Amino acid sequence: MVNDVLTVGVVGCGSLGGVIAGKLFKKHGNNLWIVSRNRSINDTILNTGLVVEEGITITAAKPLVVESPADIGNPLDVVIVTTKLNTITDAVKTDRKSVV
């Protein structure tokens, strides 16, 4: 870890993962990765960013987005899995290799 900043991954970027990623981006910035197999979500984040509205507060983030943890290249310090229950097994199997 550089300067005690964790490298964080959020697996799944639906309604829950998107909010968590938006909040984490404030602290982790370019050390935040989103792993999502949904190309539509990935394209939106890459083109317009991730926007989280909370009352009158709006957080705009441009986190790093990949379809596979293998695309990250380095291990993550923390992984938050926010996928649906029917896909969680695949998400955990895939991500375990990148978190060492």
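This is a predicted model: local features need pLDDT of at least 70, side-chain atom pairs count only at pLDDT 80 or more; totals for chains, interfaces and linings use all residues.

Student: Which pattern of helices and strands does the chain follow along the sequence?

Tutor: The secondary structure comes to 3 helices and 6 strands. Read along the sequence, these elements give the pattern β-α-β-α-β-β-β-β-α.

Student: Among contacts between residues at least 6 apart in sequence, what percentage join residues at least 24 apart?

Tutor: Of the 100 residues of the chain, 36% count as buried. As for the contacts between residues at least 6 apart in sequence, the percentage joining residues at least 24 apart is 65%.

Student: In which order do the strands of the open sheet of 4 strands lie?

Tutor: The pairing in this open sheet is parallel, and the order is E5-E2-E1-E6. Strand E5 (64–66) and strand E6 (78–81) pair on one side only, and are therefore the edge strands by that criterion. Neighbouring strands are turned by 20 degrees against each other on average, direction ignored. To restate the order asked for, it is E5-E2-E1-E6.

Student: Which residue in E6 stands opposite Val11?

Tutor: Strand E1 (residues 8–11) and E6 pair in the parallel sense over 4 bridges. Opposite Val11, the residue in E6 is Val81.

Student: At about what angle to E1 does helix H1 run?

Tutor: Helix H1 comprises residues 15–28 and lies across E1, strand E2 (32–35) and E6. Its angle to E1 is about 170 degrees.

Student: Does Gly17 count as buried or exposed, and why?

Tutor: Gly17 is found in helix H1. Leaving aside residues up to four places away in sequence, Gly17 touches Val10, Gly12 and Thr82. Thr82 is 65 residues away in sequence, yet the two C-alpha atoms are 5.4 Å apart in space. Because its relative accessibility is 0%, and the limit is under 20%, Gly17 counts as buried.

Student: With which residue does Lys23 form a salt bridge?

Tutor: A search of the whole structure finds 2 salt bridges. In the one formed by Lys23, the closest N and O atoms are 2.8 Å apart, and the partner is Glu54. Lys23 lies in helix H1 and its partner in strand E3 (residues 50–54), so the pair ties together parts that are 31 residues apart in sequence. Lys23 is partly exposed at 42% relative accessible area, and partly exposed at 42% is also the result for Glu54.

Student: Where does Glu67, the partner of Arg39, lie?

Tutor: The side chains of Arg39 and Glu67 meet in a salt bridge, at 2.9 Å from N to O. This pair links distant parts of the chain, 28 residues apart, with Arg39 in helix H2. Arg39 counts as exposed at 57% relative accessibility, whereas Glu67 counts as partly exposed at 34%. The location of Glu67 is the loop between E5 and E6.

Definitions and conventions
Residues are numbered from 1 along each chain as its sequence is written. Side-chain values use heavy atoms; hydrogens and water are left out. Helices (H or I, at least four residues) and strands (E, at least two) are DSSP runs, numbered from the N terminus. Buried means under 20% relative accessible area, exposed over 50%, partly exposed in between (1.4 Å probe, protein chains only). Contact means heavy atoms within 4.5 Å. Two strands pair if DSSP finds at least two bridges between them. Axes are lines fitted to C-alpha atoms, for helices over the stretch in contact, and angles run from 0 to 180 degrees between N-to-C directions. A salt bridge is a side-chain nitrogen of Lys or Arg within 4 Å of a carboxyl oxygen of Asp or Glu.
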